[in-house]
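Biologist: I am new to this structure. Please walk me through the terms, one by one.

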Amino acid sequence: MANVLAFAETRGAELRKVALEAVTAARQLADATGGGEVHALLMGAPGIASHAAALGAHGADVVLVVEHPGLALYSPEVAAATAAERTRSGGYRAAIFSASARGKDLAPRVAAKLGVSMASDVTSLEPNGDAIVVRHPTYTGKIIATLRLTGTPAIITVRPGAVPPAPNARAGRVGRVAPALDPAAARVVPKELVQGNTAKLDLGEAPVIVSGGRGLKAPENFRLVEELAAAFGNAAVGATRAVTDDGWRPHSDQIGQTGRLVSPDLYIACGISGAIQHLAGMRTSKTIVAINKDKDAPIFKIADYGIVGDVLEVLPVLTEAVKKAKQNG
Ligand SMILES: Cc1cc2nc3c(=O)[nH]c(=O)nc-3n(C[C@H](O)[C@H](O)[C@H](O)COP(=O)(O)OP(=O)(O)OC[C@H]3O[C@@H](n4cnc5c(N)ncnc54)[C@H](O)[C@@H]3O)c2cc1C
């Protein structure tokens, strides 16, 4: 039986979906090792403790709340010192973070402070004897490495979307923890968070992603992609690097090796060739649909469903079909 720590990621006063994913992954790991406790580490400005119930509902036995006015914005040094101190003193078998931008910053700092090994961007994790076995896509997703983590604690980042949040009600008892470093004494003090379009669903949180590439021919044709996303109601719009480099879409929309890594339930690739650098960011999506006029386009090799046709003609038809399906419940 082993206790597991989960880092509950926030953005400002909001709890992120990846926080629930980390808690879910920690719960599954704890249960599979005989039912240890899951402790969620939740840091932020005073009031952040209000998210303890959501963490408890997803499997946290204890929510360790670190509230401080200096933690309204993510402070890398304070978060790393506090998470490392908690991981050390808690005697956890593993500490789970998201492989989000923040998790990628924080988890290696924690591993380095503790002098322990870490596995990054894993898509599954399970105990095997005394080890934890994780799967990690590598070489832009061409190879799935299976890693056995034998050291304790194991520091693990989980790819956003790979472990969907699953309700699993636990007590979510709140415990208070002081920051291991005074935020005012940190060498880096974040001053401001510049937010993009907050009305947009985040790529890492959306269950459906409709993504466009150069096959759309012109930036104004992304309207068709946006309309399909709007018809779903729970979809975000992504893009290839070819179109973000050309300024058709903001760089924050880019999916791939040098962009966002996503694993939605449904990924619809519109006019995208399927270059390996793009596949690296989306090939772990649960269901992939590709629309391309070239029947030999590489994207069809990983697609579950393929439509060979002109994306400018296919998209309006798909959008109407989705709208109808929604109307009919
Ligand atoms: C170091 C490095 C890192 C990179 N990182 C990334 C990354 O993170 N993400 C990323 O996406 N790319 C990345 N790239 C770029 C990548 O190699 C490709 O160039 C890019 O993904 C291609 O984008 P695309 O599919 O939109 O364009 P193209 O490769 O030009 O493909 C366009 C596709 O549209 C189809 N098409 C054309 N007209 C139509 C039509 N009317 N209807 C239907 N289909 C049509 C064509 O058949 C074609 O398959 C990286 C490259 C390098 C070297």
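**Helix pairs, domains and ligand shell**

Modeller: Start with a helix pair: helix α3 (residues 76-90) packs on helix α4 (residues 101-114) at an angle of about 50 degrees, and their axes are 9 Å apart. This is a predicted model, where local features need pLDDT of at least 70, side-chain atom pairs count only at pLDDT 80 or more, and totals for chains, interfaces and linings use all residues. Residues are numbered from 1 along each chain as its sequence is written.

Biologist: Why is α3 called oblique to α4?

Modeller: Angles under 35 degrees count as roughly parallel, over 145 as roughly antiparallel, 65 to 115 as roughly perpendicular, and the rest as oblique. The angle here is about 50 degrees, so α3 is oblique to α4. Axes are lines fitted to C-alpha atoms, for helices over the stretch in contact, and angles run from 0 to 180 degrees between N-to-C directions. The helices themselves are DSSP runs (H or I, at least four residues), numbered from the N terminus.

Biologist: Which residues of α3 and α4 meet?

Modeller: From α3 come P76, A79, A80, A83, A84, T87 and R88; from α4 come D105, L106, R109, V110, K113 and L114. Contact means C-beta atoms, placed from the backbone, within 7 Å. The residues of this contact divide into eight nonpolar, one polar and four charged. Ala, Val, Leu, Ile, Met, Phe, Trp, Tyr, Cys and Pro count as nonpolar, Asp, Glu, Lys and Arg as charged, and the others, Gly among them, as polar.

Biologist: What makes α5 and α9 roughly parallel?

Modeller: The axes of α5 (residues 222-232) and α9 cross at roughly 15 degrees and come within 9 Å. The limit for roughly parallel is under 35 degrees, and α5 and α9 are therefore roughly parallel to each other. Their contact includes L224 and F232 of α5, and L312 and K326 of α9. It divides into 10 nonpolar, one polar and three charged residues.

Biologist: What are the domains, and how far apart are their centres?

Modeller: The domain assignment, automatic or from a database, gives domain 1 (4-185) and domain 2 (208-327). Their centres, taken over C-alpha atoms, are 31 Å apart.

Biologist: Which residues come nearest to the ligand?

Modeller: G213, G215, R241, G256 and S273, of the 27 residues around the ligand. A residue counts as near if its C-beta atom, placed from the backbone, lies within 6 Å. The shell divides into eight nonpolar, 14 polar and five charged residues.

Terms used
Helices (H or I, at least four residues) and strands (E, at least two) are DSSP runs, numbered from the N terminus. Two residues are in contact if their C-beta atoms, placed from the backbone, lie within 7 Å.
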